[in-house]
Amino acid sequence: MEEARALYVAGFRRLAGSAESVEAISDQLLPGAGGALSVRLYEPDAAHGTLVFLHGGGWTFGSVDSHDSISRALARRAGCRVISVEYRLAPEHPYPQGLEDAWRALTWAVESYAGPVAVGGDSAGANLAAVCALRARDAGLPLAFQLLLYPATDATRSTRSHRDFADGYRLTQTSLDWYYGNYLGPAGDPTDPEISPLRAPDVVGVAQAFVTTAEFDPLRDEAEDYVARLHDAGVPVTLRRYEGMIHGFYSLRGVIARADSALDDAAVALRSALAG
């Protein structure tokens with residue numbers, strides 16, 4: 001697994017395009033009962049607010065290194081501090097361990113920094129971000145925004161897009177079977193709202209959201225169903241579907257020009273939300 005994870009990071013960095021400069025970047029360990037948690041801080045000059053960012057990779061792959069390019073771009077373009085979280089990965093650390101790391105990083109950010117705090121991520125990381133936003137509402141934790149890039153929202157995977165794009169579009173049903181098997185472990189329940197936020201009893205009062213989907217993505221419909229739930233609950237939400245794109249396209253800026261403009265869209269939404 002260690003070798004496979006290293007190859008995953010190398011592949012992402014090769015396709016991510018040029019890394020944007022950020023004035024200060026540092027690694028930090030957060031102490032806590034669950035053991036030290038590593039985060040990487042990206043701090044542009046005059047940062048306005050903070051984003052806690054959770055990388056994708058099916059809860060099994062990915063790291064602060066694989067998503068360094070995205071973190072740099074969001075910090076620079078949105079003019080905010082980005083805290084990228086090295087949460088524990090499955091199958092060695094199945095649910096809820098990665099989620100608990102994400103929640104610890106978010107609560108630490110709210111306690112440690114003045115100004116608005118947002119949570120966000122891509123794919124599996126966006127799943128963790130959406131669950132953290134629900135937790136924040138329930139805990140009375142102030143949260144300004146959630147940035148959900150092609151999020152996984154329903155582990156039952158019963159939508160049409162899962163059938164239409166089951167194979168041939170980078171993220172396959174076979175790989176999803178494996179990822180979810182790793183993350184759920186022997187005791188995880190696909191209908192648990194902390195695994196499938198689409199199945200939360202209600203979403204009233206969660207932070208406003210910007211959600212992106214890709215046309216040819218198995219996760220497309222469940223993400224858009226989550227947008228509909230937020231809208232129906234009175235939560236301010238913006239959906240942006242990128243036609244012609246596949247799952248994971250934000251990490252392909254080196255080879256897909258549209259990915260760079262999509263990242264601009266996300267940064268503009270994040271900057272606006274943090275500006276209040």
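Some ground rules. Residues are numbered from 1 along each chain as its sequence is written, and side-chain values use heavy atoms, with hydrogens and water left out. Because the model is predicted, local features need pLDDT of at least 70 and side-chain atom pairs count only at pLDDT 80 or more, while totals for chains, interfaces and linings use all residues.

I start with two helices. Helices (H or I, at least four residues) and strands (E, at least two) are DSSP runs, numbered from the N terminus. Helix α3, residues 97–112, packs against helix α4, residues 124–139, at an angle of about 55 degrees, and their axes are 10 Å apart. Axes here are lines fitted to C-alpha atoms, for helices over the stretch in contact, and angles run from 0 to 180 degrees between N-to-C directions. That angle makes α3 oblique to α4; under 35 degrees counts as roughly parallel, over 145 as roughly antiparallel, 65 to 115 as roughly perpendicular, and the rest as oblique.

Which residues of α3 and α4 make the contact? From α3 they are G98, L99, E100, A102, W103 and L106, and from α4 they are L128, V131, C132, R135, A136 and A139. Contact means heavy atoms within 4.5 Å.

L106 comes up again in the core. A nonpolar core is a set of buried Ala, Val, Leu, Ile, Met, Phe, Trp, Tyr and Cys residues joined through side-chain atoms within 4.5 Å. Buried means under 20% relative accessible area, exposed over 50%, and partly exposed in between, with a 1.4 Å probe and protein chains only. The largest nonpolar core has 60 residues, and L106 and V119 have the most contacts inside it. Helix α4 gives the most to this core, with ten residues. Apart from it lies another core, of 31 residues, including Y42 and Y250.

Now the backbone. Most residues other than glycine have a negative phi, and most peptide bonds are trans. A cis peptide bond joins A90 and P91, with omega about 5 degrees. Another cis bond runs from Y95 to P96, with omega near 10 degrees. P91 lies in the loop between β4 (81–85) and α3, and P96 is in the loop between β4 and α3.

Are they buried or exposed? A46 is exposed, with a relative accessible area of 58%, whereas Y150 is buried, at 1%.
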